[in-house]
Amino acid sequence: MNFDDTPQEAAFRAEARAWIQANAPKQYEEELRKSSLGRTVLKGANILEVAKAWQKKKADAGWACLHWPKEYGGRGASPIERVIWQQEEGPFGKLSGMFIIGHGMCGPTMMAFAGEEQKRKYLPPLASGEKVWCQLFSEPAGGSDVAGLRTRAEKKGDDWIINGQKIWTSGAHYSDYGILLTRTDPTVPKHKGLTMFFLDMKSPGVEVRPIKQASGQSDFNEVYFTDVKIPDSQRLGSVNDGWNVSLTTLMNERMSIGAGVSTGFPELFDFCNSLMLEDGPAIEDRSVRSKLANYAVKASGLRYTSMRAISALSKGERPGPENSIGKLVAGSMVQEVAMYALDLQGAAGVLSGPEDAEVAGKFQAMLLRAPGTRVEGGTDEIMRNIIAERVLGLPGDIRVDKDVPFNKIPTKGRA
Amino acid sequence: MNFDFSDEQKQMRDAARKFLAEKCPPKAVREVLDGKAPYDKELWKGLAEMGFLGVAIPEEFGGAGAGHLELCVIAEEMGRANAPVPFSSTAYLAAEALLLAGSDAQKQKWLPKIASGEVIGTLALFEGKGNPSPKAIKLQASSGTLNGVKKPVPDGAIADFAVVAARTGSTERDSDISLFLVDLKAGGVEAKSLTNVDPTRGQAELTFKNAKAEPLGAVGEGWSILTQVLDRAAVLLAFEQVGGSDRALEMGRDYALDRIAFGRPIGSFQAVKHMLADMYVSATLARSNCYYGAWALSTNASELPEAAAAARISATQAFQHCSKNNIQVHGGMGFTWEFDCHMYYRRANATALTLGSLSYWEDQLIDRMRKKNAA
């Protein structure tokens, strides 16, 4: 048992470190390091431009999408090399936020289902960040039950005509392309009538509207489709086989190992270390220490769980299912941490303005953003179902709509 | 990075699991639970023959000379099987104290007999309620004899010798505490079994009346040695707790798959599934914290104090969580004497207090993190 690199890994790490040292946008390092949960903002710079420039630089030197094949803009690197890169990239990795969906989900889906010519055309600029992609799955009536989506695609000659609405689309407003899951046959059970496409987000009839979130910010969008035309050549997979295609996409969503999840613990620990309560330093208060210890072991548990997965990768094994707990644990923890940090501030905890609030309002921002983290990318409840079914082998839910034609499924709970 | 046990260590774990599945089925645990024997003597002998009792004891002292990682995998299996033997008292507390502070003669005297299963050892630390602290130690040492009362002492009624924490000065300072070795069969010590929540692991009151004792380690160094012994034992016991957590989770999972209610397996209800998923989460977090503890223990890293506290807290929580919800998944049957669920529930809650309570270790963890932060 040790934390050492193999000689090969050490050589790769040294190479990555040297290149990052020589090329990373150092002027933003401090700001990036400090930003924790939520959006990363840079003072006096447009983060999208900084992010795109960094991505392009990496791609030109062969450091983008490391695990992708070289011909599609990657490096053909091993999974462990990808993890080492992430460790070395450190705070600069936060600049990759806008590419996560494209690199993590759209790219692998294109790789599995697009034609060779399309792959060579679309994947390299996706890897280099010159083109940004989004993923158009969720709908107002289909979130956790994504197969319940209603956006229609109807064949007309060699084209498909799309009408409907998507929601919670990250980055739709700056995306160039998207992968889109549609309903092509409403007369069969819901999983059997779906088809996947990719499309140009500048196509006529596509309208992107930002959603104002409960936090007051706007990170996501609604996307409306009105008679949008997509050529049949941009279909991914067979007609009505879109569910299986989407499983490839979603499987990739949860594959990101070693990226590290935010728990809010380091921030809380620092805060308690400096906070003075009426009776003395917060960190010397028994109840504060008890809370902190409980959060500490969750945070360290997640950190070492991730190290176990990295070790499996290092040995060329597939990591076990342990890593599926990361999002579930961190999501609710960050919310609890935020509430507790506010509680420690007493009545003044209500203030969220950077000039009045403790730590420039970091915990208030965390509090308001946290509900979203427990929902996005699979709700806590869906994550528990996944652990129960795929890890523990418990039976799937009884699905009352499994054999019902989609257009006969009730759409309202109460009349 | 190789943050995992080696193939050889995993093989040893498999061997221990196989051995315990055969020699320590729930029926054997029940013999002790029902008070028919104070511990499973046959199993104890078998563990010695397998080389498990002395796995971390150097060969020169009659052990297998493997190491602490090997002891961790054995510990996990002991917890999984709920083994009714004084393994933790002997191998984690007494043997570790001897290894850390014993003179060559003391090691020669006791360690080979530990490895061969001839003696049972323990640590006599507590004196009534409260957590480890120098000021709670009243038992007096003077001119080679001890006077006072220790309770609860794990496995105290069946132990042959004990490492005893005693007072050699009158202040609350650490330096007024020293450790002593006492042969419990040599007279001067009276042992009384105490009823406790886990009858498969005995607790006793030891009364010392002019009991002969020899110092273990330098006089005045007792508290410092004790702290290290407790940290080491915390990691090892945490592996037992993780083994128990996994077993309780498996029992709950199996029952949820087999038990039909409302016309379907109860494991298809989300209320039950989610409970089991949460048990998996705590068991996994605990296991990962324990791995870090194992690394720190086996390399004697400066991170050991922090790693041990984290492993201890995480594993205590996981075992309590998994064992109580295992009963919940079983419903009414889980609350019968006949079903094995309560044995894990008892063990989880007893283990949670050995070495000091959860709140004590929480306090320790924060202290140690602050120290590291300040450094």
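1. Two residues are taken to be in contact if their C-beta atoms, placed from the backbone, lie within 7 Å. By that criterion, A:Ile325, A:Lys327, A:Leu328, A:Gly331 and A:Ser332 of H10(A) meet A:Asp380, A:Met383, A:Arg384 and A:Ile387 of H12(A). The structure is a predicted model.

2. Sorted by class, this contact between H10(A) and H12(A) has 4 nonpolar, 2 polar and 3 charged residues. The axes of H10(A) and H12(A) come within 9 Å and cross at roughly 150 degrees. The crossing of H10(A) past H12(A) is left-handed.

3. On the contact between the chains, chain A contributes 37 residues and chain B contributes 41 residues. On the side of chain A that touches chain B, helix H9 (286-314), helix H10 (325-344) and helix H12 (380-391) each supply at least two residues. H9(A) gives the most to that side, with 16 residues. H10(A) and H12(A) therefore meet each other, by the 7 Å cut-off, and also supply residues to the side that touches chain B.

4. The class make-up of the side of chain A that touches chain B is 20 nonpolar, 9 polar and 8 charged residues.

5. As for the chain overall, chain A has 12 helices and 10 strands. Along the principal axes, the C-alpha atoms of chain A fill a box of roughly 75 × 60 × 45 Å.

6. In chain A, 40% of the 415 residues count as buried. Of the contacts in chain A between residues at least 6 apart in sequence, 70% join residues at least 24 apart.

Terms used:
Residues are numbered from 1 along each chain as its sequence is written. Chains are lettered from A and ligands numbered from 1 in the order in which they are written. This is a predicted model: local features need pLDDT of at least 70, side-chain atom pairs count only at pLDDT 80 or more; totals for chains, interfaces and linings use all residues. Helices (H or I, at least four residues) and strands (E, at least two) are DSSP runs, numbered from the N terminus. Ala, Val, Leu, Ile, Met, Phe, Trp, Tyr, Cys and Pro count as nonpolar, Asp, Glu, Lys and Arg as charged, and the others, Gly among them, as polar. Axes are lines fitted to C-alpha atoms, for helices over the stretch in contact, and angles run from 0 to 180 degrees between N-to-C directions. A crossing is left-handed if the near helix is turned anticlockwise from the far one by less than a right angle, and right-handed if clockwise. A residue is buried if 20 or more other C-beta atoms lie within 10 Å of its own, exposed if 12 or fewer, and partly exposed in between; C-beta atoms are placed from the backbone.
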